[in-house]
Amino acid sequence: MAIGHVLLGILERGPAHGYDLKRSHDQHFPSARPLAFGQVYAALAKLTADGLVEVAETQQGGGPERTTYAITAAGVDSLESWLGTTESAGPYPADELVRKTVTSLLRGADTVAFLQDQRATHLAVMRDLLAQQASAQNAAAAIAIDHTISHLDADLRWLETAAERVAADRTATA
Amino acid sequence: MNVDRTEDALVLQARDLHASYGRTVALRGASLSVSAGEVVAVTGPSGSGKSTLLLCAAGVLRPESGRVTYAGRDLGDLDEADRSLLRRRDFGLVLQFGQLVPELSAVQNVALPLLLERHDKAASVTTARDWLERLDAADLADARPGEMSGGEAQRVAIARALVTGPRIVFADEPTGALDTVNGERVLRMLLEVCRQTAAGLVLVTHDNRVAAVADREVALRDGRDEQRVGA
């Protein structure tokens, strides 16, 4: 539900149309594939059905109908719950990590605390893998574990750099 | 690993340390503690004060303010001779590049701390050989540092740090100059010997693999610590 939560993060700053949501999303995640309008409206329909978003206003002008969406209290709870949960240190968690970190920053949340919690999650997995590697029976087993350890190491370095940048940014704007 | 972290069990405690080199401030209130058998990783960006914190805790540098207590004694109250004695008998130091004496063989390097303590020469050499064997370095006994690889020299350096039976081992980037495979081997051996001897281990590191094996992590930023829950 990553896109849904990113949209909730944008809607928390104020009600918006589907078009605004797409533009805002694409602006915040320039390296991600731009959202298709169909994806945005499908996500909004699901969020509405789940009670996380509601229709704030529908304008019937000369052109097509324009609907403004707003986040609900349940939506804020859901967003907080998503942001408060660390990602599993699986094989490819980076995209979700980036989304979560950027959304957290935009929201003015304690991003450094999240990054530290995530580091602890990654280190715990790395510790288990190092123990497995110490008892690896052969090179094939060891290098398969190396592959995962290297990805974790890359994530950990990214987490450190992100924390540094957030801290530097905070100092500069203080 | 469950470690008793009550006041009584704390072997070493460094509190609110401040230190600087000329105008460059290295520590601005950093703290560090280690219990018997505990592995503590000190992490942080370059220039965050990691090595200075380690050297202050190990009694090599005197902080400008703050206290370092070891086994209930304040290091600030000791004169240089007593501090030196403490460092030789109770602390083991492992640095990034081994810092072995180039003119001496591996076994002579490892025996050196015992000989400085006026132990019997033959017994010192026997003990040194035992330690080299424990670190899988028995074949290197007669080699000089210049004839060893980085990983070999580091294993000899660990033997030298452990030979006096220290209660705390301080290691500054022990895998920093090694490739991944040799780094992991050195790390495994360092952990194993500290576990066997119940020595506390303080590891200054940039290496996430090293931080991952610690019981606890002390993260430094701008000379201050932010305690993190260990892996």
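Reader: What makes E4(B) and E5(B) paired strands?

Author: Strands pair if DSSP finds at least two bridges between them, and strands themselves are DSSP runs of at least two residues (E), numbered from the N terminus, with helices being runs of at least four (H or I). Two bridges join E4(B) to E5(B), residues 73-74, and they run antiparallel, so the pair meets the cut-off. Thr69(B) has Asp74(B) as its partner. In the hairpin, with two residues between the strands, Ala71(B) takes a positive phi near 50°.

By the way, this is a predicted model: local features need pLDDT of at least 70, side-chain atom pairs count only at pLDDT 80 or more, and totals for chains, interfaces and linings use all residues. Residues are numbered from 1 along each chain as its sequence is written, with chains lettered from A and ligands numbered from 1 in written order.

Reader: How do you know that E1(B) pairs with E4(B)?

Author: Five bridges link E1(B), residues 10-21, to E4(B), residues 65-70, in the antiparallel sense. His18(B), for one, is bridged to Ser65(B).

Reader: Why are H1(A) and H3(A) called roughly perpendicular?

Author: Their angle is about 80°, with axes 10 Å apart. Angles of 65 to 115 degrees count as roughly perpendicular (under 35 is roughly parallel, over 145 roughly antiparallel, the rest oblique), so H1(A) and H3(A) get that name.

Reader: Which residues of H1(A) make the contact?

Author: Ile3(A), Gly4(A), Leu7(A) and Leu8(A), against Gln39(A), Ala43(A), Lys46(A) and Leu47(A) of H3(A); contact means C-beta atoms, placed from the backbone, within 7 Å.

How values were computed: Axes fitted to C-alpha atoms, helices over the stretch in contact; angles between N-to-C directions. Contact = placed C-beta atoms within 7 Å.
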